[in-house]
Amino acid sequence: MTAPIALEGVHKSFGPKDVLRGLDADIPAGEIFAIVGPSGVGKTTTLRLLDLLLPLDQGRILFGGRPCAAGSPEALEHRRRMAMVMQNPTVFRATAFENVAYGLWIRGVPEAEIHGRVFAALDFVGLLDAAKEKADHLSGGEQQRIAFARAAVLGPEVLLLDEFTANLDPANVRLLEGAALRFRKETGCTVVIVTHNLFQAKRLANRVAFLLDGRFVEIAPAAEFFETPSRPETRAFLTGEMAY
Amino acid sequence: MRGSRNTLPWPSFVTVWRIAFALAVLLILAGLSLSLNLHPRTYVLLATTTSARDSGLLDYLLPFFETDTGIGVRYIAVGTGQALDLGRRGDAEVVLVHAPDAELVFMAEGYGRCRSPVMQNEFVVVGPPDDPAGIFGLTNATLAFSKILAAHARFISRGDNSGTHIMELRLWSWVGYTPSPATDPWYEESGQGMSATLGLASQLGGYTLSDDGTFLVHAASLDLLIDVRHDPPLQNFYSVIPVNPDRHPDVNVDGALAFARWLVSSRGQGLIGAYTVAGMQPFHPNGEDRCGP
Amino acid sequence: MRAMTDISEISQIVGISLLVAGTSTLIGSVVGIPLGVLVALKEFRGRNFVRTLAFTFYGFPPVLAGLLVFLLLSRGGPLGFLGLLFTPLGMIIAQSLLIAPIVMGITISAVTNVSRRLYDTALALGADGRQWRVTALHDARVGVLTAVMVGFGRAISEVGAVLIVGGNIRGQTRVLTTAIVLETSQAHYVEATIFGVILFAIAFAVFAALQRLQERGFV
């Protein structure tokens, strides 16, 4: 069952650079939570912290009320209940089928079950016919769809999307957004999506968070965020007047 | 969904790996069992010199022994020094060499069970047809060498501490010359076996010392003639020595002894005498069984 | 002197050559590839030492390896009781010692070049250390196959170690390279060349086949 996620006072620095300086957020189970902000502000870092890929310097991340740290023994188990789809897909040098099967192999799912689940996932992103194709021979859009299927097939409780439709043509963008929404609808998972595409955030999100100077300056339901933002920085960002 | 945390991805790839690993282990075990089972060996390992091999005698002779006794013989042809050393180590169980001084030391040190003379051939001095040192037809190699020295005629040496090389050095010492290839352009060392040295001598038009067996094998393709033969000091005596079982109990003691006795039996001796190359008989049997019952 | 034109003898020599070179390559790879992956990807005590060891033995003179193995396997030596001197397995041991560092070194290069992004992806999909190493090896498999090919090339063309440890015994430990040495020493240049041509043909055929596998990005 999907659990709520909480970020409490999260700090993260890379060397002398303080990227995150006290992030606070509560993400209820099943919500689509978008993070927007200027380039380089730390959106991807936030996702990677959530995925327990990076240790944080200060603060806590809680799943269902229980804190979890990257590198702790429970971290691997938690990580396996989440899946991330990144920008610029990295596919394995193998067929589409094998790419999607990867996460299932890792988790020891029996071969017979893998078959059905992989084909279902490929079908979900419309790539059933390409199952036997070598993944690195496919187009960028198709590779991203494989990356999505690869994540979705694991039945994650949390889906982390990091600019997952960046550099794709409108048709693929639409297809992938549709897949994400359908997936969330069918499984009730939580979705945390990082995007620089405000239209996308508007289309998909329940709530939107604006990350600036290492903090969430504003978190609001989507409609409110875009039409009546309460903070001046948010307004400046949305109208493109913010200089950074 | 909790499966085993240790399941590996790419199952067919991993399977190829496991097969390769299993195959490697299998092959090693098979090889080990094969060699461990051969204790003691069902064949005899003979250490001998390159001249015994290059003359073709062994390839001719050994099949007769195998037919007569059912015992297989494998031979390793190396330099005299290493052949005796293999006998010392017990890596070979019988040794057939032609180096009497070294053999006596070997026996004195207790490494040999018994030592029987088998056969003899001789060293000959061969040289180019135009014979610049004028030694053709001599029966005294020492005299021939002194003439080669006087004429500074080109001479090719084995230069490899083989039995032939040692004989050559002894001859030079009798005429008071110490070979110095670095300063004397007419004296060259090939550092190689007899066949290659003969080839070099033929090409460069030089003299050399050779065992008659190897020379006869190659005579047709060489531009060389036998200049000096039948000189008593140049007789070359072969002995067979089975290794001492007290030193190396787990070698094929019986096989080694059987081989040594067969070589000096009338059967073995008759075969040795019957071996010819280019119409000549390189080895003269002179065997005596000193390995008594 | 009977020249060696017997077909059965030639096929014996070819057979022993393939057995020795093939098995040595197999053993060298089974040892060298996993070690290479570990050195490239896993932090462990003595990691640098092992890596340095591999690269030092890269250019280890085969004939010296042959001498050392000879002393090891000789009856007087520590492993003499195994009775492996002058046998094909003895030759295989000597060659495996030469090939393992080579395969290991090339594997280290190939695996180190696997992209960081692949690592992030694998980790994000839930891979642990061991699973990642298998993934990296799978990604670098073309380069690793090159390592195996180079290893085989070294094995089939090696002459010093197999001569010293094998003894060039007819029908037992004579391989193509040592047969060439023997024939040449007896001035049988035609026979020597025939063996040389066969050796070249075998090496060529094996490389061509492996090349094909590489292009298909096998498995």
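Okay, let's start inside chain B: 17 residues of domain 1 of chain B are in contact with 15 residues of domain 2 of chain B. Keep in mind that this is a predicted model. On the domain 1 side, helix H2 (50-54) and helix H4 (80-89) of chain B each supply at least two residues, and H2(B) gives the most, with three residues. If you sort that side of domain 1 by class, you get seven nonpolar, nine polar and one charged.

As for where the domains run, domain 1 of chain B covers 43-120 + 237-285, and domain 2 covers 122-234. Their C-alpha centres lie 27 Å apart.

Now, between chains. Here 39 residues of chain B are in contact with 31 residues of chain C. Which element gives the most to the chain B side? That's H1(B), with 13 residues. Strand S2 (72-78), helix H8 (194-204) and helix H9 (212-218) of chain B are also among the elements that each supply at least two. By class, the chain B side has 20 nonpolar, 13 polar and six charged residues.

Last stop, a helix pair in chain C. The axes of H1 (residues 7-41) and H7 (residues 141-157) of chain C come within 9 Å and cross at roughly 140°. That angle makes H1(C) oblique to H7(C), and the crossing is right-handed. Who's touching whom? From H1(C) we have, among them, C:Ser17, C:Ala21, C:Gly28 and C:Ile33, meeting residues of H7(C) including C:Val144, C:Gly151 and C:Phe152. The residues of this contact divide into seven nonpolar, six polar and no charged.

Conventions: Residues are numbered from 1 along each chain as its sequence is written. Chains are lettered from A and ligands numbered from 1 in the order in which they are written. This is a predicted model: local features need pLDDT of at least 70, side-chain atom pairs count only at pLDDT 80 or more; totals for chains, interfaces and linings use all residues. Axes are lines fitted to C-alpha atoms, for helices over the stretch in contact, and angles run from 0 to 180 degrees between N-to-C directions. Helices (H or I, at least four residues) and strands (E, at least two) are DSSP runs, numbered from the N terminus. Angles under 35 degrees count as roughly parallel, over 145 as roughly antiparallel, 65 to 115 as roughly perpendicular and the rest as oblique. A crossing is left-handed if the near helix is turned anticlockwise from the far one by less than a right angle, and right-handed if clockwise. Two residues are in contact if their C-beta atoms, placed from the backbone, lie within 7 Å. Ala, Val, Leu, Ile, Met, Phe, Trp, Tyr, Cys and Pro count as nonpolar, Asp, Glu, Lys and Arg as charged, and the others, Gly among them, as polar. Domain bounds come from an automatic or database domain assignment.
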